Amino acid sequence: MEHMQFKVSSALKDLVGKDLITNDNVAIFELVKNSYDAYATKVEIRFSDNEIIIADNGKGMSFDDLKNKWLFLGYSAKKDGTEDADNEDKQKSYRDKIKRHYAGAKGIGRFSCDRLGKHLSLTTKSDNSQTVETIIVDWTDFEVDQKKEFAQIDVEHISQEKVTPIFPLDSETGTILKISDLNDEKLPWNRKRLLELKRSLEKLINPLSETNDFVIEIICDNEIDEDKRVRDNNGHERDIVNGILKNSISKILKLKTTQIDVRLDKNYIYTTISDRGVDIYKIRESNTEFTKLENVKINLYFLNRSAKNNFTRLMGIEPVNYGSIFLFRNGFRIMPFGNTGDDSWGLDYRAQQGHSRFLGTRDLFGRVDVLTDNINELKEVSSRDGGLIETQTSKQLFSLFETAHRRLERYVSGVLWGEAFLRKEYFANEAEGLRMRKELLEVDKDEENPNYILSSSIGSKIDFVQLIKTLTKDKNIEILYYNTELANLVSSSNTIDSIKPQFIKDLEKIAEDTQDSNLLASIDAAKHRIAELTRQKEEAERKTAEARQLQREAEEKAIRAEKERRIAEEKAKAEEERRRQAELNRLRAENEKVKAENARLVAEKRAKEEELKRKQAEKEKRLESLKVEFYKKVSNPDTEALIHHVKNNNSRINDEIDELISQVVKGKFENEVSRSILLGLYAIKQLSQKALAATDLILNCDLAKADSQKINLPLFIQGYLAEEVKSSVKCHFSSAIDMFAIYGSKLDLALLIDNFIKNSEDWHAKNIWFNCSRYANALQLDIYDDGDGLLDSFKQDPNQIFAFSISGKSDGTGFGMYLVKETLKTLHASIEVDKQINNAGIHFKVLFK
């Protein structure tokens, strides 16, 4: 029989290297774990352009270690126990000193270098070697020809005498991995990736560990300036790239949360539940179920809203984005347990089944820490981020975790959330249970202490008694401690009468089993108190019943009296209705008479109205005929000539009168005679001006306007200025109102406007303004120009220009403004001169009421 052997292709390098470890962060994790297993106390990870250097101060390797261990694919000296065989006593004492167990044992973690870059330079020195060893690996050599055997591809080796210490902390031993020509060219190690790596490394080694014997430092010169900027702006430490990784999660352990701590110590399991700094219960049970486990710690923290806010404030990140429940084996994290969105523990799937009382990863934070030298029983899958291979040990670990989780969940949902208040009918009155649960949920979720649970929530106390009762029934469980304040249902009398007697009996049984004499005394006192409360309640109920009976009798008496009153009232109403009906019949008869009389009167009124309409129509017809006849006469050339003749004669008369008045004013006649003559001349002049205005109206076919009538003053002034006025002075009109009615003659209004314009001409004005505005219930007409203004002698009393024969001009007659004032009186209006400024023009204020 011929014997044959396997040959190993150079392509195997990819299978155990970059194809197996597909994540750069996981690759760095593997190399850091190797440093940890080499007893290093510090690892430095340095990033520069296209190069990563990972250096540690571990025990290093000799030439023989390199040749027979590191270059031996798949071989793990940790696994077969020969890792420290050369100096067993020394290494054993060192390992005991720092309390470490191996983190890896597959013999392929070294191929993480292939994942990161194409070239590797490994420099190392051990304590028992006098030389520094270096090997140089070009991983691309293994990719040229897959038919070439793995062992036929050479790697370069260099030995050199001892040189100046180049390892961290000036150690004379250690290992340096220089990885260059990095693979992910499209995904460079920028600040974002470096911060992600840092945050992952912070959780690689148990961040909840009590010891701190392994330090990781990230160094990247390119990020120093940005780190300084972040610090100067009071940025969070988690946003700094360079520096030693800090166990910042230790701050979180100081937060007051609801937590369960489980410690499996080979033969016994110790469990403690505490609530925001107060111990709730402690138990011990024999380890008969988890025999594959020897040293396990489980710490689970329930984060209420207050704890989540404090977590975010301290860590600079919300707990849901930090991670949930991490798994550590020998101090190193097992991926992907605890990752954001990961449900390796199966909590979220269960919580999604519709039960609000279940706790998922969003509610919890914590760790499961297993120490073991038998790594094969808790072995990771080869991809390094796929969790654990299923074994009897891993199954027991999951079962132990489930027990811890359910006990914490039982306390939170029952005692803190009151989930069973109604479901288990804790209260004789269902409404009381609803009220207490609502109050509990509103008050306790933001509290940083459990005072409300301990002192005020009787429902929480009942549920805790049931919890302790369940524990006491398990013969494998020894209750080491329970919070008697929380268990004492009878410490308060607020709602003690609403508690079902069964729960008092349950508490009494617990007190007897635990031989708690104080609690028994409290229970005895409570029984007396309950008996007294019951007696008082019965007495109150008796008195209430008596009061209700008296009330019912009074109500019945009142009902009878009311019934009798209504009968009498109905009789009276019936009599009143008969009387009202008779009166109504009488009124109807009278109403018919009135209707007949009204009909007669309406007929007479209609006849009169028809006669008035007929007469009005005849009148309007005659008036229309007269108008037509008048327009014919006016249109006659002889008539128009006659009117112009009258107008011209009146103009000459008006001029002659002005001349006479001027002569009189100049003193040509005696004073008394002069005054008499002036009055006569004033009357003649007024009639002359009216005759002149009348001829203008006749020529414009508007004869009716000469009579007194209703006039819209703003509209009249605007129309007259636009169509009738012929003057060298430019006229302006504005109005803040559209309608204001007065009664008077349009002829008088035209005369007024002409006088104002004539005065402005005499005062050499270029513009005159007419402005209408509302003043209380009156119309104020402001008239002002830009002429010479009054003489200086009128400054003290400008209103004297309205006096008879007083003129505001040096050559005036004194009749214009007098005439204006007198005319305004007939229109129920008044006039005054506004105060002048620098003799610039004049300003009249006319008020129409």
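Are Phe 111 and Trp 139 buried or exposed? Phe 111 is buried, and Trp 139 is buried as well. The legends below describe close-up views of a predicted model.

**View A. Tilted ring pair of Phe 111 and Trp 139.** The ring centres of Phe 111 and Trp 139 lie 5.6 Å apart, and the ring planes meet at 50°; the pair is therefore classed as tilted, a class that excludes planes under 30 degrees or over 60 degrees apart. Distant parts of the chain are linked by this pair, whose members are 28 residues apart. Phe 111 belongs to the loop between helix H5 (88-98) and helix H6 (112-116), whereas Trp 139 belongs to the loop between strand E4 (131-138) and strand E5 (156-161). In the model, the count of aromatic pairs comes to 25.

**View B. Aromatic cluster containing Phe 326 and Phe 328.** Tyr 301, Phe 311, Tyr 322, Phe 326, Phe 328 and Phe 365 are joined into a cluster by ring pairs. Within the pair formed by Phe 326 and Phe 328, the centres are separated by 6.3 Å and the planes stand at 45°, so this pair is tilted. Phe 326 has a relative accessibility of 1% and counts as buried because the limit for that class is under 20%. Phe 328 is likewise buried, its relative accessible area being 0%.

**View C. Open sheet of eight strands.** The strands follow the order E14-E13-E15-E12-E9-E10-E11-E16, and their pairing is mixed.

**View D. Pairing of strands E13 and E14.** Strand E13 (residues 325-329) pairs with E14 in the antiparallel sense, over three bridges. Leu 327 stands opposite Ile 334 of E14.

**View E. Lining of the largest cavity.** The structure holds four cavities of 30 Å³ or more, and the largest has a volume of about 80 Å³. The largest cavity is lined by Leu 713, Ile 717, Leu 749, Leu 752, Ile 753, Phe 756, Phe 770, Leu 781, Ile 783, Leu 824, Val 846 and Phe 848. Two or more lining residues come from each of helix H23 (713-723), helix H24 (746-762), strand E21 (778-785) and strand E23 (843-848). H24 supplies the largest share, four residues. By residue class, this lining comprises 12 nonpolar residues, no polar and no charged.

Conventions: Residues numbered from 1 in each chain as written. Predicted model: local features only at pLDDT ≥ 70, side-chain atom pairs only at ≥ 80, totals over all residues. Heavy atoms only, no water. Pairing = 2+ DSSP bridges. 1 Å grid on protein atoms, 1.4 Å probe; cavity = no way out; pocket = protein on both sides within 12 Å on 5 of 7 lines; lining within 4 Å. Points joined across faces, edges and corners; volume = space filled by probe spheres on them. Nonpolar A, V, L, I, M, F, W, Y, C, P; charged D, E, K, R; others polar. Phe/Tyr/Trp six-rings, centres within 6.5 Å; stacked < 30°, edge-to-face > 60°. Buried < 20%, exposed > 50% of the residue type's maximum accessible area, 1.4 Å probe, protein only.
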